[in-house]
Amino acid sequence: MRLTRLALSTACAVLAVTGVAAAQDTPLVIRAARLIDGRGRVLQNAAVTVERGRITRVEARSAAPATYDLGTLTLLPGLIDTHAHIIAHFGRDGRASNEGESDAERALHALQNAYDTLLAGFTTVQSIGAPLDKELRAAIERGAPGPRLLTSLESLNDPALSPEELRRRVRTRVAEGADLIKLFASKSIREGGGQTMTDAQIAAVCGEAKALGKRSWVHAHAATAVAAAARGGCWAVTHGFYATRAEFALMAERGVYFEPNIGLLIQNYLRNKPRYFGIGNFDETGFAFMEAAVPVNLAMFKDAVRQPGLKLVMGTDAGAGAHGRNADEVIARVREGGQRPMDAITGVTSLGAESLGLGDRIGTIAAGMEADLIAVDGDPLSDITALSRVLFVMKGGKLYRNETRRR
Ligand SMILES: [Zn+2]
C-alpha cells in the first residue's frame with residue numbers, strides 16, 4: 001500500500017513537471033465564455049474535455065471544474081492556412097534572397113517561422129512548397145514546436161515538358177514524400193499572370209495526382225488557366241486574380257476549392273519592398289503590376305463571395321515577413337471583402353481541413369477530433385480582429401501558449 005502510494009506520488013510529480021509540454025494522460029477541461037465549433041455552431045459557457053490528445057466531450061452551459069478557465073475568451077478550432085511558404089525568410093543580409101547563408105541558418109529560420117505561425121494560432125499549415133519542408137515536417141512530427149505541416153515539396157512549373165513527362169514528375173514528387181502536387185499554370189502576377197501550361201498539360205498533372213490519391217493545387221491568375229484547372233480535374237486553385245463569375249460558377253459546379261489572397265500577400269511585398277526589390281521579377285514593373293492588382297483582386301473576391309456553393313478556403317501564400325500574421329487574410333476578407341464572419345471562420349477551420357483531406361481529424365471542435373484548440377480575446381463574430389489576439393494555443397493536446405490564468 002505504502003509502495004503504491006509512493007509510486008503514485010512519484011508519477012504525479014513527473015506529470016506536474018512535464019504537464020505543460022506533454023500531451024496529458026489525465027483528462028483536462030478547458031472552459032470559455034464562447035465556443036465557435038468551425039462548422040457554424042456557437043456554444044455559450046462551453047467546456048471541452050481533452051484526453052490523450054483528442055477531444056472527448058463538448059458541452060454548453062457546463063459547471064464542470066476546469067483545468068483551464070479561459071474566462072471571457074472565445075474558443076475556436078486551431079486555424080488552418082492552406083498556402084504558406086514556411087521556410088521563406090529574410091536572411092543574414094536582411095533580404096529575401098538569403099545570400100551567403102548556411103544550411104543551418106536556413107533550417108533555424110524555417111523552425112522560427114513554424115513557431116511564430118503556431119503561436120499565432122495556426123496549428124496546421126500547407127506549405128507549397130520547397131524541399132526543406134520535408135525535414136521541417138519530420139522535426140515537427142518528432143515534437144519540435146510548429147504547426148502540423150503538409151508540403152508539396154518542389155512545384156511543377158516548366159511548360160516545355162510534355163504531358164507524359166509531367167506525369168512522370170508527379171510520380172517522382174509523390175515518391176519523394178509530397179503530400180500534394182503544386183502546379184504553376186500561369187505566370188506570376190508580376191509578369192501579368194497569363195496562362196503558361198496548356199489545358200492538356202494541366203489535366204495531365206491533376207489527373208496523375210488524383211490517380212495516386214494525391215491532391216493538386218494550381219497557381220492560376222488568368223481566367224483561362226482557372227477554367228482549365230477546374231475542367232482538368234484539379235483539386236484547388238490558388239490566387240485567381242483575373243477569375244470572373246464564369247470561373248467561380250465552374251469551380252462551384254466541379255467542387256474545386258478556391259484560395260484567393262487579398263489581405264497579406266501583396267501587402268507584405270509592398271511593406272517590405274526594399275527587402276524584395278531586385279530579386280527575380282521583383283523590379284519596378286513587378287511592383288507596378290502588384291499595386292495595380294490590389295483593387296482588381298479585391299473586386300474579384302467580392303464577386304467570389306457571392307457565388308453560391310463556391311468552396312472558399314483560407315490561404316495566405318505567406319512568405320518572408322508574413323509568418324505569424326496569417327490572420328490578416330481572414331480579417332481582410334471580412335472587413336474589406338464583405339465575407340460573413342462565420343463563413344470566413346469556417347474557411348479557416350473545417351473547410352480548410354476538408355481541402356487538406358483532413359476534415360475528419362481537425363478543423364472542428366467535436367468529440368473524436370484531435371485537440372487543436374485556440375482561444376482569442378474577444379468575439380470574432382462581432383470583431384474579426386479578435387483572431388489577431390490569440391492567447392491560448394493547443395495542438396494535439398499539447399499546450400504551446402497560455403497567457404490566461406491557470407487554476
Ligand atoms: Zn505560393
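How many residues of domain 1 are in contact with residues of domain 2?

Analyst: This is a predicted model, in which local features need pLDDT of at least 70 and side-chain atom pairs count only at pLDDT 80 or more, while totals for chains, interfaces and linings use all residues. Residues are numbered from 1 along each chain as its sequence is written.

The domain assignment, which is automatic or taken from a database, gives domain 1 (28-77 + 364-402) and domain 2 (79-355). Between them, 20 residues of domain 1 are in contact with 19 residues of domain 2; contact requires C-beta atoms, placed from the backbone, within 7 Å. On the side of domain 1 that touches domain 2, β5 (74-77), β15 (390-395) and β16 (398-402) each supply at least two residues. The largest share, three residues, comes from β15. Strands here are DSSP runs of E, at least two residues long, and helices are runs of H or I, at least four, both numbered from the N terminus. This side of domain 1 comprises eleven nonpolar, five polar and four charged residues. Here Ala, Val, Leu, Ile, Met, Phe, Trp, Tyr, Cys and Pro count as nonpolar, Asp, Glu, Lys and Arg as charged, and the others, Gly among them, as polar.

The C-alpha centres of domain 1 and domain 2 are 28 Å apart.

The largest nonpolar core contains 119 residues, and Leu75, Ala229 and Val237 have the most contacts inside it. Such a core is a set of buried Ala, Val, Leu, Ile, Met, Phe, Trp, Tyr and Cys residues joined through C-beta atoms within 7 Å; buried means that 20 or more other C-beta atoms lie within 10 Å of the residue's own, with C-beta atoms placed from the backbone. Helix α6 (residues 223-231) gives the largest share of this core, seven residues. Because domain 1 and domain 2 both contribute residues, the core lies between them.

Technical notes: Buried ≥ 20, exposed ≤ 12 C-beta atoms within 10 Å, placed from the backbone. Contact = placed C-beta atoms within 7 Å.
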